[in-house]
Each structure stands twice: as structure tokens, then as C-alpha cells.
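Student: I have a structure open and would like to talk it through with you. Could we begin with the rings and then move on to the helices?

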Amino acid sequence: MVSLALPKGTFLERPVLDLFAAAGLEVRRPSERGYRAAIAYDGGVEVVFHKPREIPLAVERGVFDFGVTGTDWIEETGAKVELVEVSGCVPPWRLVLAVPDGHPAVDAAGLPAGARIATEYPKIVRQFFQSVPLPVRIVPSFGATEAKVPELADAVVEADGHGSALDDHDLRVIATLRTCSPHLVASPAAWRDAGRRAAIQRIARLLTSVDGGAAHVLLTVRTSPRDLPRVAGSMPERSWRAGTGLTEGLVVVQGLAARRGLAETIGGLLAAGALDVIGSGVGKDVTA
């Protein structure tokens with residue numbers, strides 16, 4: 001059994017749970033507010049929910065074998081973890097600098113020297129303003145960062161994703177510091193262990209298969225044995241021979257093709273001797 005830390009209480013929680021469910025890795029917990037759960041796969045996965053900022057260092061220390069967090073928190077904490085996989089099905093988000101609507105600044109350089117910046121990302125913010133360059137005062141925040149303006153801060157640096165509260169607090173974005181994405185990370189100790197590493201990689205492959213679903217089509221191609229070499233040469237790189245067709249003397253070949261350029265791929269297969277080509281969505285049936 002391996003242990004997994006998943007993000008709790010942010011805009012990441014629901015998309016990550018949906019991603020795992022789509023991969024056949026349903027996270028079962030007693031209630032929506034529960035902090036402990038399990039995945040019935042590959043001998044079992046023990047799941048614990050934590051804030052995304054807490055996950056990188058906990059995984060680094062080996063408290064959990066692997067976890068899902070954001071690239072923003074990996075950078076901010078400086079955690080030494082193994083980067084296993086990006087989860088492309090979960091929308092990216094931005095770290096942004098925002099000021100009150102009536103503020104005259106249109107970019108970071110327009111802030112006055114000594115401006116107070118409230119943020120949960122002091123390391124990233126410090127590096128950003130050193131590059132501007134502009135001396136600022138960083139006001140550490142541990143939640144409700146948008147509410148720090150105007151009494152405690154003049155501007156904020158905050159994650160701007162699904163459900164962001166910036167608009168609700170009349171804050172206007174004037175700069176983007178980073179574009180961030182979710183990442184599957186593993187502890188160095190688990191990665192050195194052959195058994196746990198294999199288990200983590202199996203889960204990563206399942207998550208990746210969901211990621212690729214929207215961008216790829218499964219092609220099923222029928223051809224004659226005579227034309228098979230030419231058809232096989234025109235198949236996408238990720239393809240394999242499936243077996244014989246229902247009609248004696250025909251061969252069925254399957255492969256994953258990118259949706260982009262799909263018409264050209266199918267045209268090339270037909271020109272090479274394919275009798276017919278059927279496209280099916282990965283995880284959702286469609287006709288190409």
C-alpha cells in the first residue's frame with residue numbers, strides 16, 4: 001500500500017478528485033468534509049487531504065509516498081521531491097499582482113517604493129520585485145489575502161484560478177508572476193523503493209491516459225495482409241496490431257492519433273491501402 005496526499009479546501013480539490021475518478025481511481029471518503037480516504041486500486045492507496053502548500057515538504061520528508069500539489073508551492077517551499085507527472089486535465093492558474101480598482105498603477109513598476117504586498121508566497125514575491133526592481137514590504141498572509149487591502153496592504157499577490165475572489169473584492173490584476181499547474185510529486189524515499197515507485201508510476205499512467213483523452217483519438221483500421229506494411233507505416237507512433245477482422249483475410253490495427261491533423265492522418269492511411277478507418281474518443285466514443 002502507498003500513501004497519497006491530495007489538496008483540500010482550494011480550487012484544486014474538486015478538479016483533482018474528478019481527474020482521479022475519470023482514471024478509474026475513485027477516492028472514497030466518509031463525507032465531503034473528511035480528511036482521510038482510500039482508493040481501491042493496486043493493493044490499496046491510503047489518501048489524506050492537506051492544504052496544497054503543506055504537501056511538498058510533507059512528501060519530501062516521506063510522510064506521504066506521493067501527492068498532488070501546484071508548481072507554485074513546489075517553488076515556494078523549495079521542496080526536494082521527484083516530479084512524476086503533470087495533470088493536464090486540471091486547468092492551470094496564475095499567480096497575479098492585483099491592486100484596488102481605483103489604484104493608478106497599470107503594472108508592477110507603477111507601485112510606489114515601499115508598497116505593502118500581502119501574499120502567501122513571500123519567496124516568489126521577493127524574487128519578482130527584485131527583478132522589477134522595486135523595494136516593497138511583504139506582508140505574510142495565511143488566508144483571506146484579498147481582505148488585507150487597504151488596511152494591512154496596498155496590493156496582493158494571489159492565485160487567480162477558478163473561484164478566485166479577486167473580483168469580489170474589487171481588485172484589478174496588473175501583472176502575472178507565474179502560470180502554475182498541478183503536479184504529481186513523489187518522495188525521494190518512495191522513488192528509491194522499486195515497489196512503491198512502480199505503484200506510483202502505474203497511477204501516473206492512468207492519470208496521463210485521461211489527460212490524453214481530449215487530445216487523441218483511438219483509430220481502428222482494417223486492411224489486407226498485402227497492404228499491412230504500408231498501412232502500418234502510416235499509423236501513428238503509438239499503435240499496435242489488434243488481430244484479424246471478422247472477414248477472413250483482413251487485419252485490424254489500432255493506434256492513438258492526435259486530433260490535430262486527424263484528417264491528414266486518416267487520408268494517409270486510406271491512401272496506403274486501409275479499407276476503412278474508425279475513430280473513437282479515448283474514454284468517450286465518437287465517430288471521426
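**Aromatic pairs and helix faces**

Tutor: This is a predicted model, and the structure holds three aromatic pairs.

Student: Where in the chain do phenylalanine 11 and tryptophan 93 come from?

Tutor: They link distant parts of the chain, 82 residues apart: phenylalanine 11 is in the loop between β1 (2–7) and α1 (13–22), while tryptophan 93 belongs to strand β6.

Student: And how does phenylalanine 11 count, buried or partly exposed?

Tutor: Phenylalanine 11 has a relative accessibility of 28% and so counts as partly exposed, whereas tryptophan 93, with a relative accessible area of 3%, is buried.

Student: What about tryptophan 73 and tyrosine 121, what geometry does that pair have?

Tutor: Tryptophan 73 and tyrosine 121 are stacked, with 4.3 Å centre to centre and 25° between the planes. Because tryptophan 73 lies in helix α3 and tyrosine 121 in the loop between β7 and α4, the pair ties together parts that are 48 residues apart in sequence. Tryptophan 73 is buried at a relative accessible area of 7%, and tyrosine 121 is buried as well, at 3%.

Student: Which rings does lysine 8 sit over?

Tutor: Lysine 8 lies over the face of tyrosine 35, 5.3 Å from the ring centre, and its charged end also sits over the ring of phenylalanine 49, at 5.9 Å from the centre of that ring.

Student: Okay, helices now. Which residues of α4 are buried?

Tutor: In α4, which spans residues 122–131, the buried residues are Ile124, Val125, Phe128 and Phe129. Seen down the axis of α4, these buried residues fall within an arc of 125°, so they line one face of the helix. On the other side of α4, Gln130 and Ser131 are exposed.

Student: Which residues are buried in α1?

Tutor: In α1 they are Glu13, Val16, Leu17, Leu19 and Phe20. Viewed down the axis of α1, the buried residues fall within an arc of 155°, so they line one face of that helix. Just after α1, glycine 24 takes a positive phi of about 80°.

Student: Last one, the whole protein: how many helices and strands, and what share of the residues is buried?

Tutor: The protein has eight helices and 15 strands, and buried residues make up 46% of its 288 residues. Of the contacts with a separation of 6 or more, 66% are between residues 24 or more positions apart. The accessible surface comes to about 14,500 Å², and 54% of that surface belongs to carbon and sulfur atoms.

Technical notes:
Residues numbered from 1 in each chain as written. Predicted model: local features only at pLDDT ≥ 70, side-chain atom pairs only at ≥ 80, totals over all residues. Heavy atoms only, no water. Buried < 20%, exposed > 50% of the residue type's maximum accessible area, 1.4 Å probe, protein only. Helix = DSSP H or I, 4+ residues; strand = E, 2+ residues; numbered from the N terminus. Arc of directions from axis to C-beta. Contact = heavy atoms within 4.5 Å. Areas by Shrake-Rupley, 256 points an atom, 1.4 Å probe, with all protein chains shown as cover. Phe/Tyr/Trp six-rings, centres within 6.5 Å; stacked < 30°, edge-to-face > 60°. Lys NZ or Arg CZ within 6 Å of the ring centre and 35° of its normal.
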